[in-house]
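Hi everyone, thanks for coming.

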Amino acid sequence: MRSRQPALLWLPASLGALFFVLPLLGLLLRAPWAEFVGELLSPPVLQALWLSVRCAALATLLTFVFGLPLAVWLATAAGPSRTAVRVLVTLPMVLPPVVGGVALLLAYGRRGLFGQWLDAWFGLVLPFSPVGVVLAATYVAMPFFVLTVEAGLRSFDHRYADAAASLGAGPWRVFTRVTLPMIAPSLGAGLVVAFARALGEFGATITFAGNLAGETRTMPLAVYQALQTDPQGAIVLSVLLVMVAALLLFLLRRHWLRVA
Amino acid sequence: MVVACSLVGCAPAAAAPHPIVVFAAASLTAPFQALAAAFEQAVPGSAVELHFAGTPSLLVQLREGAPADVFAAADENNMQRAAAADLLVGAAQVFASNHLAIVVTAGNPQRITGLEDLARDGLRVALCGPEVPAGSYARQALAKAGVEVRSLSDEPSVTALVAKVRLGELDAGIVYATDVTDVAEVAGVAVPEAFDVRARYPIAVAAAGLQRDGGARFVAFVLSPAGRAILRDFGFGAP
């Protein structure tokens, strides 16, 4: 039984909704729809889009490989070490991405803490390369995945895992055959939201990876670039990114948009 | 909304007059900070608010109605675009000039002596984007010298480009001569006169501002002998 909400809330609520509607309307009303398809299919846009999709997909893969074990550890650990790791993992979510980019430079740049060894030993320089784009995207996207999956693991009923273990299944078998399938919705949601965040990454990317067509100029950087020379083109790209984001949210509707 | 505005200062405060808002190219950061301080001293009760960014970014903000009183650009093309879009009051005037320099790590460990060295294999070089005045000048200079450089990135402003040389991520870039003085971690290598491009900085009163008279006074101050002296102190040439 739901209690009645005070009517006083409706006015600020509608203003709040309007606050989000108007920017969308601004984009949609000023978009040059006649040239929309032509602009989208132009080589620089396709190049940026393809680069964005590849880098976001790789970032999502890295997120899965390293983020899933992190989430499992966070869901089972306790005490101050867990709190510390949790804060570390969550930090990129609240940090301005450009700060993340500077931090990445100082760590993985050519003169960075770790980057100088990469350069000395393997001749690997990450900034100004597509690998740098993937790294920057992973840095900002992984926290979303880890927190989503950790929440899934915490609400998972451990009696299923215990039952499987009592029937003789080893820890790896229990993890892959029982735990993972049961948290599949969280895994899927975490992957989609990480991919969306990776796709939209701008600040850390332009700071850490630079801005070069075909190499490191992803869609958000192309929007920024276009805004300075061709505002109409920037609007087209923005509308495309809004559509992609809306599609990803549609995929997530069960998980992130559901009413608990 | 009102509370939010007063917290972040988008509403004019009752006590202080609205400041004169100056949009200036990133390469003007140091001299304009000094110019603003000198102006505030010369005109009691005045306040100058400075915004620095790459010239094209400033133009975008002006186009979308940012309430600037003064626009100081790093090239005449962008200023002409502003004039064509009716964003200015009166005509723009050139107030300073600059020339190009190769920015390298302090001590010049890669022994870069001229533009042709920038094409060397294994050297990490970047330029500003072609839409940024410094990027367009750099490409003109390279074309004059017949040198082809593989730029690692189209950097959004000279300040961003110099920062990456300071951090050691880049070995070299092409910026203005004034960008490399007073920065400990970098040094400048002169571009030979034959290939150099003289950058001319125009300034104008912007139409969207709330302090049109104040804007005109600030422009006059920049053009005055006192203003020119400050610009000269920071290495800028006469218009």
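So, how many helices and how many strands are there in chain A? We get 14 helices and zero strands. Before going on, please keep in mind that this is a predicted model. If you read chain A from the N terminus, the elements go α-α-α-α-α-α-α-α-α-α-α-α-α-α. As for dimensions, the C-alpha trace of chain A spans about 65 × 65 × 30 Å along its principal axes. Chain A has 260 residues, and 35% of them are buried. Now take the contacts in chain A between residues at least 6 apart in sequence: 74% of those join residues at least 24 apart.

Let's pick out one pair of helices. Helix 3 of chain A, residues 43–76, and helix 7 of chain A, residues 130–154, have axes that come within 6 Å and cross at roughly 40°. That crossing is right-handed. And what sits in the contact between them? There we find 22 nonpolar residues, four polar and two charged.

Leaving out residues up to four places away in sequence, A:Arg82 touches A:Leu74 and A:Ala77.

Now over to where the chains meet. Here 14 residues of chain A are in contact with 13 residues of chain B. On the chain B side, helix 3 (55–63) and strand 7 (154–155) are the elements that give two or more residues. Helix 3 of chain B gives the most, with three. By class, that side of chain B has five nonpolar, four polar and four charged residues.

Last stop: helix 8 of chain B, residues 225–233, where B:Gly227, B:Ile230 and B:Leu231 are buried. Why do we say these three are on the same side of helix 8 of chain B? Because they cover an arc of only 100° around the axis. What covers these buried residues includes helix 2 (29–42), strand 4 (88–98) and helix 7 (212–223) of chain B. The face turned away from the buried side carries B:Pro225, B:Ala229 and B:Asp233, which are exposed. After helix 8 of chain B comes B:Gly235, with a positive phi near 90°.

Key
Residues numbered from 1 in each chain as written. Chains lettered and ligands numbered in written order. Predicted model: local features only at pLDDT ≥ 70, side-chain atom pairs only at ≥ 80, totals over all residues. Axes fitted to C-alpha atoms, helices over the stretch in contact; angles between N-to-C directions. Helix = DSSP H or I, 4+ residues; strand = E, 2+ residues; numbered from the N terminus. Left-handed = near helix turned anticlockwise from the far one by under 90°. Nonpolar A, V, L, I, M, F, W, Y, C, P; charged D, E, K, R; others polar. Buried ≥ 20, exposed ≤ 12 C-beta atoms within 10 Å, placed from the backbone. Contact = placed C-beta atoms within 7 Å. Arc of directions from axis to C-beta.
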